[in-house]
Each structure stands twice: as C-alpha cells, then as structure tokens.
Amino acid sequence: MFRQWSPCLFLLLISPALATRTWWMDATCKQYFKVEDFDKMMEDVFKTASMGGKRMSRNPDQEPQAYEIFRTLFNYDPASRDPTSEIYFDTFKDNWGQARGLPTWSKQVGTGSDEANRKASDIRIYCDEDARFEPRGDTTPRFDGEEPNSKRNDIKKEWWDPINKRLAGNPGCKYNAIRTDGKVTFASTYGLHAKIAPVKGDDAENWDRQTMTICNVWLKQKNRFNTMSEVALSSGWPRYKALVPPDALTSVGSMLMLHEMHHFRDYRATDYAYGWKNCLQLAAGKAIANADTFALFGVMMHALDKKFKLDNKAEGTWIRDKTIPDSPKKKRGIWSCQDQLRVGAKTGLKCREFSA
C-alpha cells in the first residue's frame, strides 16, 4: 500500500522462472489511462530498474555517488565484507540485477465483459476506488472473543472482493474517506503473500492472482505525471534542488508503480516507513524489505542520470555534479569484481574490473 502524508519494483528483474507476468486493466481505468500511456508508465519502471542495476554493477570507485545513495537509504555498505551486508546485497541484486532479465508483460486490456483475460491474468488493475469490495460476512470466529465482522466499525472490518475472490483488511482507497490521521493512500495492492485455492468449479481462474487499485486521490490530480521524463519536460530538474526531491517525486506514476509492485509476491516488501526521513531510520533488515525505500532509490537513480548527486543526507536534497558518470550502456552478467572473487574458487572465474 502506498500512502502519502500531506496534501510515495515493480522491478521485475527476476529469475527466468518468474519472468512472465500478465496484467489486465479494468474498464474503470479507461477514463484515466490510454493503453499506450500505461505502457509508457511501466516502461519507465523497467528503465529505472535498468539504471539502478547498471550503476550498482560497477565498483564503488566507479560509482561513488550511487554507492553513497545506496549506503544512505539501505543503511549498510554493499562493498563491505560483512556477511550480513552481503546477504542484504544479494537480496537487492535479486530484485534489481540486470543479469536476471526483464519480464514479459502481455498487454491484456480488459473490459467489464473481458472475463477470459481477467481470469487468466496475474495482476488485475482497477480504478474503481475499491468499490468492488464488500464487507465480509460473519463466519465462525477464528479465536475466542473475536468480534463479528458486522459489529466492527469500518476501520476494523474485513472486506471481500467477490469478483477476484480475495480477502482484504482495509481497502486503501475506501479507507481514504474515513481516515482521520491526515494520511492518504494513492494505491493499494492485495493478495500479497500466498497463492490461493482455485475457485470451485472454475478452472480458468488464476491461482496466483493479485489485484491493485489506483485511488482517485492520485488519478484525479490536476498536475499528474505518469513518468519521470514528463517531469523533466514540464519543469526541468533544477527546480527540485530546493525541495526534498525524493518525496516530491515518489508520487510520479512510474515511481508509484515501482513502490506498489514491490509488494507483489516476487519481492514481498512491506510498509515499514514512508518518505526519506522515516526510511532513513530503518535498520538494514527492514530497509531491504521496505517498498518505499526502493521507490526512493529509483528516484535517486533518475537524479544521477540528470547529473544530480545526494547533497544533504538527512534531508535527501541534491546538488548538481557534472562529474557523475553516465549510466553504463552495456549489460553485465556479473555484478562486480568482488562478486567474482566470491564465486571464483568454485567457478574458475578470474576477477576483472568493469570499464566505466
């Protein structure tokens, strides 16, 4: 779930076995997105993954600014020989490593009657403000003293999606209308952690289905940006140097998708914290499992691409630096010289430095 305070990968750079994911878009999204616009938003997510993966495939002396951002956000040093840090860095590489290859997304754009594609799809995207959800009926209590669902207030109720046969706690978009904490949900992802049983008598339904709702509070913004390139064309990057740039840009559509898709089962990230300052307080073990940390890292990779480096770590502001190297153009199959040394004894590989 993506929440914003005031008025925040899907980076499916994953193993070949997980490389194919299909998406289906409900008819409720057609008033907000053309198919090609949503495709561009997804392409920007993959571009972000590629930018980050390529920079982190170099050694620290070749990408000092990228490694500084990494150390700051994830709260550990991937260049160290600390065993715990190496485990965390392996997790990062599984999510972002360009050697894993991009997924294949079939462009299945649904309509209200497009049942075959909806049932076959892995990811179902809605723009219905979670209207498809209804309160779960009262069932046998799962523990002594459990309050029947019908007796709970809207915040504590459990909700059921009868179309996709999925249970949810608080549907994030519905929840916006009754929140009193000043926070806002831009999108919510459901069906995060486990495959579910097939629907009885319906062999066409995908066991592995997950759903996402993009909320009206994001869809109906007057100055909505779908991609990072739209931001650059609209106003240019220099104007952001006086702001807290990552927080200002994680609501761009592609960065929103980056955050939400890190909740999918391929990554299983959760929401320990939102925003630059809060994310910096996370210990390494939580930072590597926090969706907004990856979204912030993605924004900063775009900053590096525009020759801006991290300036004030505490605030997340950046400053122009023309010495920042261009992002590598060629894909590399192995991450770094250090990684080769780690496996060289078993594979016979010899360590070599990556060229800039």
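**Entry 1: C173 and C215**

I looked up the handedness of the C173–C215 disulfide (a pair of cysteine sulfur atoms within 2.5 Å): the torsion about its S-S bond is about -85°, so the link is left-handed. C173 sits in helix α5 (residues 172–176), while C215 is in the loop between β9 (210–214) and α6 (216–219), so the pair ties together parts 42 residues apart in sequence. I take helices (H or I, at least four residues) and strands (E, at least two) as DSSP runs, numbered from the N terminus. The two sulfur atoms are 1.9 Å apart. I then checked burial, where buried means under 20% relative accessible area, exposed over 50%, and partly exposed in between (1.4 Å probe, protein chains only). Both C173 and C215 are buried.

**Entry 2: what I am working from**

This is a predicted model, so I note that local features need pLDDT of at least 70, that side-chain atom pairs count only at pLDDT 80 or more, and that totals for chains, interfaces and linings use all residues. Residues are numbered from 1 along each chain as its sequence is written, and side-chain values use heavy atoms, with hydrogens and water left out.

**Entry 3: the other cysteines**

I counted two disulfides by the distance rule. One of them joins C29 to C127, with S to S at 2.1 Å. I read 100° about the S-S bond here, and the link of C29 and C127 is right-handed. This pair links distant parts of the chain, 98 residues apart. C29 lies in the loop between β2 (23–25) and α1 (35–57), and C127 in the loop between β4 (123–126) and β5 (134–135). C29 is buried, at a relative accessible area of 0%. C127 is buried too, at 4%. I also looked up C279, which counts as buried at 0% relative accessibility.

**Entry 4: helix α9**

How many residues of helix α9 (residues 253–261) are buried? I find nine of the nine, so the helix is largely enclosed by the rest of the structure. The buried residues of α9 include G253, M255, H259 and E260.

**Entry 5: a three-stranded sheet**

I traced an open sheet of three strands in the order β5-β6-β7, with antiparallel pairing. Strands β5 and β7 (166–168) stand at the edges with a single partner strand each, so one side of each has no neighbour in the sheet. I count two strands as paired if DSSP finds at least two bridges between them. Strand β6 (residues 159–161) is joined to β7 by three bridges, and the two run antiparallel. Across this pairing, D161 stands opposite R166 in β7.
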